[in-house]
Amino acid sequence: MSKTAQRVQQTLLRKPTTALLTLSALPLALWAVFTLPGIAESAKTWWDWRRALILLSGTVLLWWMSAGMLLALRPAGLEKACGGLDRLYRLHKNLGIGAGVLVFTHWLLEWLPKNLAKAGLIERPFRGPRGPRGDANMWMDLAKDIGEWAGYIVFALVLVALIRRIPYRHFRWLHKLFPLAFMAGVYHGLMLMPKTYWEQPLAYLTAALAAGGCVAGLIALSGRIGRNRQVACTLDSSTLHPDGVLELYCRPTTPWPGHKAGQCVLVDFGHPGEGAHPFTLASSWSLQDGRLRLAIKALGDYTRSLPQRLSPGQHLRVEGPYGGFTFAACAKPAPQVWVAGGIGITPFIARLQELATLGGSQAPVDLFYSTAQATPPSFTHELASLCQAAGVRLHQRDTTQAGPLPTLELSRRLRPGASLWFCGPLGWGRQLEQDLVHSGLLPAHAFHKELFEFR
């Protein structure tokens, strides 16, 4: 990867707000160049500015919602640009939250002044008698009504997505309403867009982006998202370890394209209402073995019930591979520090297997593995031997006895040109990034972490 491409990608990875601001800056710039001068010249009262802001907020909202719909398709090119599926979904989530804020702003600009005027608290300019209403007015009125209800639905869906107490299966089915609400919003936005907008690039770019979003919505409604990256599998074995980690071996029955160590997949176990869930692969790909290994920690109602709902020979569907947590910081071998906590060891096991088959690491690698127990999880029984075969130095830590891993101990291993790879609790990852990157001990582009929080 070139330095320029790396900087662009890191901008997306470190500062997701940059992508959101870009999706605002472009329509704002077009509006400022082509529309603002006319408004500034013709506006007589602040009511004229209010109407301009209503139209502007609606236009930016269409851009954000359209981008969110396109990201929902999980396209390979955008996933790679974002740095992996986890970051693509983080951007998708931020776009959804931003859309909720814009919906509320758009509605408030419309509703508040009008009702303040009705209450006699502010003065509304006299508009004079209205002319006869025709068919065009009927379609405009319909667009207003549809847009209002679509806004309510979008705002409600955003709130549902943020309420973590609502089970995933309910959230998933409610989320399927979003494409319908989006297409209703497109009809509302394009129908009410003034003629002056259609005399400039803003309207046509908005319409093109919205059309792409509508196509994405139709694909989502037909259930075809990710269809070309899905393979059928059978469950070879299922082992529930004493520490609650479920270890699965799945055998693809249709061609699997292979995967890199550290990547993840979406697995649909065939249980109605649940759909596919993301899991990191705990094995490197071997044509001789031909199986995919998963290590699943019981973190919710569904994953806790999996051991009782699975049996060898069961059919399931695997989609992927996805993810950019692939240990490829640069073209040449360079020192790396790996930091894992609990089930976060999964991608590192896959990488250790990969390095072992290649004859060992060509650069110094230190693996720091922290668990809240004296003995590591049962499924990692081969960890020490794998590290030895891969040429990786293993540092295990029982945090109940020795306390949290000190950042100073990690910094001592950060040689010039080194990168750090983290997979573990989100709070710990943020703290490490704060201690190492923000203090200048490690460049931002050299800190890599998984963001496995898709909702």
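How far is the sulfur of C387 from the closest cysteine sulfur, and in which residue does that closest sulfur sit? The sulfur of C387 is 15 Å from the one in C423, too far for a bond.

First, some ground rules. This is a predicted model, where local features need pLDDT of at least 70 and side-chain atom pairs count only at pLDDT 80 or more, while totals for chains, interfaces and linings use all residues. Residues are numbered from 1 along each chain as its sequence is written, and side-chain values use heavy atoms, with hydrogens and water left out.

Strands, by the way, are DSSP runs of E with at least two residues, helices are runs of H or I with at least four residues, and both are numbered from the N terminus. Two strands pair if DSSP finds at least two bridges between them. In general, strands of a sheet pair through backbone hydrogen bonds, either parallel or antiparallel.

Zoom in on strand β8 (residues 365-371), and you'll find 6 bridges joining it to β9, with the two running parallel. Along this pairing, S370 stands opposite R397 in β9.

Which residues of α13 are buried? They are L383, L386, C387 and A390. These residues cover an arc of only 100° around the axis, which puts them on the same side of α13. That arc is taken from the directions from the helix axis to the C-beta atoms. Buried means under 20% relative accessible area, exposed means over 50%, and partly exposed is in between, using a 1.4 Å probe and protein chains only. The buried residues of α13 pack against α12 (346-357), β8 and β9. Just after the helix, G391 takes a positive phi of about 70°.

The structure holds 0 disulfides, a disulfide being a pair of cysteine sulfur atoms within 2.5 Å. C387 counts as buried at 2% relative accessibility. C233 is buried too, at 1% relative accessibility, and its sulfur is 5.9 Å from the closest cysteine sulfur, in C250, too far for a bond.

## The antiparallel sheet

Another open sheet has 6 strands in the order β4-β3-β6-β1-β2-β5, with antiparallel pairing. Its edge strands are β4 (277-280) and β5 (292-297), each of which pairs on one side only. The twist averages 40° from one strand to the next. Strand β3 (residues 264-268) is joined to β4 by 4 bridges, and the two run antiparallel. Here C264 stands opposite T280 in β4.

## Aromatic pairs

How many aromatic pairs turn up in a search of the whole structure? The search finds 15. Rings of Phe, Tyr and Trp (its six-membered ring) pair if their centres lie within 6.5 Å; planes under 30 degrees apart count as stacked, over 60 as edge-to-face and the rest as tilted. Here are two of the pairs.

| Pair | Kind | Centre to centre | Between the planes |
|---|---|---|---|
| F104 and F155 | stacked | 6.0 Å | 25° |
| F325 and W421 | edge-to-face | 5.3 Å | 80° |

F104 is in helix α6 (residues 85-118) and F155 in helix α7 (residues 135-162), so this pair links distant parts of the chain, 51 residues apart. F104 is partly exposed at 39% relative accessible area, and F155 is partly exposed at 30%.

As for the other pair, F325 lies in the loop between β6 (315-322) and β7 (336-341) and W421 lies in strand β10 (residues 419-423), so the pair ties together parts that are 96 residues apart in sequence. F325 is buried, with a relative accessible area of 4%, and W421 is buried at 1%. F325, F327, W338, F348 and W421 form one aromatic cluster.

Note on methods: Contact means heavy atoms within 4.5 Å. Axes are lines fitted to C-alpha atoms, for helices over the stretch in contact, and angles run from 0 to 180 degrees between N-to-C directions.
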